Amino acid sequence: FFFNDTATTEIYTEQIVGSVRCVQETGTWPFLKISIPHMMSFNLFGMPFIGADICGHLGDSEPQLCARWYQLGALYPFTRNHNFIHGKPQEPFAMGQQTILAAKNSLKLKYSLLKYYYTLFMTKQGKGTVFRPVFYEFSEDTTLYQDNIINEQFLLGRNLMATPILQQNTDTISPYFPLGRWYDLQTGLIIQDRDEEPGRKTVTNKITDAPPLWMREGSIVLMQNVESVIRTSQLDDVFDIVIGLDQENQMQYGGGEIMDIRDYNNEDKVYERCVQKNCILEVQIDSDGKNQNKFYLTVIQSVNYSSENSFEGFQISKIKMYGHDLKDLGSVTVKEKLSDNTEEKEIGVEIVNGEENALKTEIKFKERYNVTKTDLTLIIEFSK
């Protein structure tokens with residue numbers, strides 16, 4: 001039932017893996033929808049680098065379907081548009097302006113998260129799932145076992161949930177949100193708060209937008225500015241740290257991971273540092289127990305980080321904090337503190353507040369901050 005088209009193969013954690021695409025889909029709305037359980041199936045089979053042919057492989061697709069397929073397909077681990085030799089051209093430019101904008105916005109989102117994907121694959125080391133059913137993280141919520149949820153929404157790793165539009169002639173859907181606070185990854189708006197019961201929420205997504213992607217509370221995701229990027233070799237080592245705060249009692253916190261390597265284009269080095277060894281860094285944030293407007297952002301080596309690796313680090317352009325209420329606080333200081341008990345060093349930043357109901361704060365570094373040492377703490381303190 002599944003068609004395996006391996007474009008590249010390599011020895012990877014004692015397995016032969018490569019890019020895999022689903023059965024040759026027809027360019028129809030039912031095949032758009034069924035591609036989601038296909039992705040999950042291949043992840044269960046131990047082949048997470050999977051994708052379906054965007055816009056469909058057989059038959060002639062149409063602009064609205066193609067636009068929605070770009071939104072979903074940009075989130076596949078393996079993303080490509082491909083159809084059979086006798087099919088009507090289905091490149092974005094052949095489908096019209098709506099499809100062009102949908103493809104552009106969706107693929108820019110994918111590129112901004114590309115190193116999040118790389119890190120997911122590297123932490124799994126050829127085992128486990130990347131494109132996952134939502135019940136994997138919320139197994140006690142029996143509603144998530146319903147077919148209409150399994151087939152229509154999914155997780156990318158543990159921290160991001162996608163709810164694409166899979167129906168024709170609509171910009172509005174009602175996906176199901178499990179227990180907890182969920183943030184819009186790109187805006188910081190809260191779609192469901194932690195004091196609400198799990199349930200369906202109304203989501204609007206224009207056909208020219210990027211796909212709806214939601215950030216789980218307690219998560220940190222490192223994203224990149226890709227405004228001028230047109231190929232992966234142009235991705236640099238500069239990140240925006242996006243924080244979706246969780247809270248327990250009076251403590252707020254979050255955590256995520258990133259690969260410790262500056263040059264992702266050097267395949268030999270990636271293999272040596274991150275496949276043969278372990279190159280995963282943990283990025284964590286915790287609030288001060290006595291001062292709710294003071295936070296400690298740390299970058300540390302993961303438990304299994306290889307002692308043979310020298311620390312390479314990365315650069316930070318912005319810190320985006322979702323979920324912290326600034327109230328009347330309008331200024332921020334950021335100080336660097338190393339574990340060797342050196343004096344705290346203040347770093348130049350400016351604060352950009354988002355919409356009030358978004359509980360969003362953006363801290364922009366006046367000069368890119370270079371993370372050059374592990375066991376680093378940035379002390380972030382808000383004040384009037």
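Guide: One term before we start: buried means under 20% relative accessible area, exposed means over 50%, and partly exposed is in between, with a 1.4 Å probe and protein chains only. This is a predicted model, where local features need pLDDT of at least 70, side-chain atom pairs count only at pLDDT 80 or more, and totals for chains, interfaces and linings use all residues. Residues are numbered from 1 along each chain as its sequence is written, and side-chain values use heavy atoms, with hydrogens and water left out.

Visitor: Which backbone oxygen does the side chain of Q192 reach?
Guide: That of F177, at 3.4 Å. The backbone oxygen of G180 also lies 3.2 Å from a polar atom of the Q192 side chain. A polar contact is a pair of N or O atoms within 3.5 Å; within protein, one must be able to donate a hydrogen and the other to accept it, and residues adjacent in sequence count only if both atoms are side-chain atoms.

Visitor: And what else does Q192 touch?
Guide: Leaving out residues up to four places away in sequence, its contacts include P178, W182, E197 and K201. Contact means heavy atoms within 4.5 Å.

Visitor: What order do the strands take in the open sheet with β13?
Guide: The order is β7-β8-β9-β16-β12-β13, six strands with antiparallel pairing. β7 and β13 stand at the edges with a single partner strand each, so one side of each has no neighbour in the sheet. Two strands pair if DSSP finds at least two bridges between them.

Visitor: How many bridges do β7 and β8 pair over?
Guide: Two, in the antiparallel sense. The bridge partner of F131 is L156, in β8.

Visitor: What about V130, where is that found?
Guide: V130 is in the loop between α5 (114-124) and β7. V130 counts as buried, because its relative accessibility is 1%. V130 and N43 are 87 residues apart in sequence, and their C-alpha atoms are 7.0 Å apart in space. Besides N43, V130 touches P48, L120, F121, K124, L155, L156 and G157, not counting residues up to four places away in sequence.

Visitor: Switching to charges. How many salt bridges does the structure hold?
Guide: It holds 16, a salt bridge being a side-chain nitrogen of Lys or Arg within 4 Å of a carboxyl oxygen of Asp or Glu. One of them joins the side chains of D171 and R68, at 2.9 Å from N to O. That pair links distant parts of the chain, 103 residues apart: D171 is in the loop between β9 (160-162) and β10 (172-173), and R68 is in helix α2, residues 63-73.

Visitor: Are those two partners buried or exposed?
Guide: D171 counts as partly exposed because its relative accessibility is 35%, while R68 counts as buried because its value is 0%.

Visitor: Which residues of helix α7 are buried?
Guide: In α7, residues 267-275, they are V270, R273, C274 and V275. Seen down the axis, these buried residues fall within an arc of 155°, so they line one face of the helix. The arc is that of the directions from the helix axis to the C-beta atoms.

Visitor: Last topic: which residues touch the most other members of the largest nonpolar core?
Guide: L113 and L297, out of 98 residues in that core. A nonpolar core is a set of buried Ala, Val, Leu, Ile, Met, Phe, Trp, Tyr and Cys residues joined through side-chain atoms within 4.5 Å. Helix α1 (residues 29-44) gives the largest share of this core, six residues.

Terms used:
Helix = DSSP H or I, 4+ residues; strand = E, 2+ residues; numbered from the N terminus.
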